[in-house]
Amino acid sequence: MGGGGVAGIAWMTGLLAGLADAGKDVTKADLVVGTSAGSTVAAQLGSGLSLGDLYARQVDPSLQNKEIDPGVDMEAYGADLVAAIEAASSEVDARQRIGALALAARTVSEADRRAVVASRLPSHEWPSVPLKIVAVDAETGEPQVFGNDSGVSLVDAVAASCAVPGIWPTVSIDGRRYVDGGVRTMDNADLAAGFERVVILLPLGTQSLFPLGKPFDEVVADLRADVTVISPDEASAAAIGLNPLDPRTRAPAAEAGRAQGRAH
């Protein structure tokens, strides 16, 4: 499950509920890989709540957690990222430059942002289903995969994976600072290598805020598996809109995702 802001969380939750409505519940997978928004959904799936309850938390205003609207100009933000990547001499250098941008950014406090992430998760305990939650070291640019046995708090792992550089604060874990797992790739689907069947959910499609790593088609080919890729259809894309970080997208994105899941 890939990145896509609060809209992506809502869309994937709705999509999974819609697939289950149609008799295609994929939430009992042998492994769940979560990146950014996908890490939130991955953690929610193991909370003990049903898909119906998780869906209600997206569409019912009385059940929605309180989010912070960063009020970001996505066009200007994208231009800053492109400039950092184009100035880099290698992929690692690009990730380091993005990390430096994140470390220098003026954002809400780490504590305030962590509280938001904690409020998204019905349970703060690692679930029994195997998870891989991806983040990137802001200084070295090296990826970090947090799992059930990593000894890291689930809230911290998800907060790190969701730390969109330059918008949200970097996350401190064991003396290191981490940024969004999408800085590696927006899907990190290669971490599902070795499985026979893989379902990839891409809230933002195959276009990435951070165009790093192998082309997506090559990643899928390398999996050598039965791969299903689901991106937003026209109605879902319209509901997600141009700013997936806007909390107002949650209910429309979840509703469109559920309709898409039922029809898929």
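The model is a predicted one, where local features need pLDDT of at least 70 and side-chain atom pairs pLDDT 80 or more, while totals for chains, interfaces and linings use all residues. Residues are numbered from 1 along each chain as its sequence is written, and side-chain values use heavy atoms, leaving out hydrogens and water.

The structure holds 1 aromatic pair. Because the ring centres of Phe146 and Tyr178 are 5.5 Å apart and their planes stand at 80°, the pair is edge-to-face (centres of Phe, Tyr or Trp rings, the six-membered ring for Trp, within 6.5 Å; planes over 60 degrees apart are edge-to-face, under 30 stacked, the rest tilted). Phe146 belongs to strand β3 (residues 143-147) and Tyr178 to strand β5, 32 residues apart; strands here are DSSP runs of E, at least two residues, and helices runs of H or I, at least four, numbered from the N terminus. Phe146 is buried too, at 3%.

Strand β5 (residues 176-180) also holds Asp180. An unreviewed UniProt entry annotates Ser36 and Asp180 as "active site"; such annotations may be inferred rather than shown by experiment, and their positions follow the numbering used here, with feature names shortened. Ser36 sits in the loop between β1 (32-35) and α2 (37-45). Asp180 is buried at 2% relative accessibility, and Ser36 is buried at 7%.

Notes:
Buried < 20%, exposed > 50% of the residue type's maximum accessible area, 1.4 Å probe, protein only.
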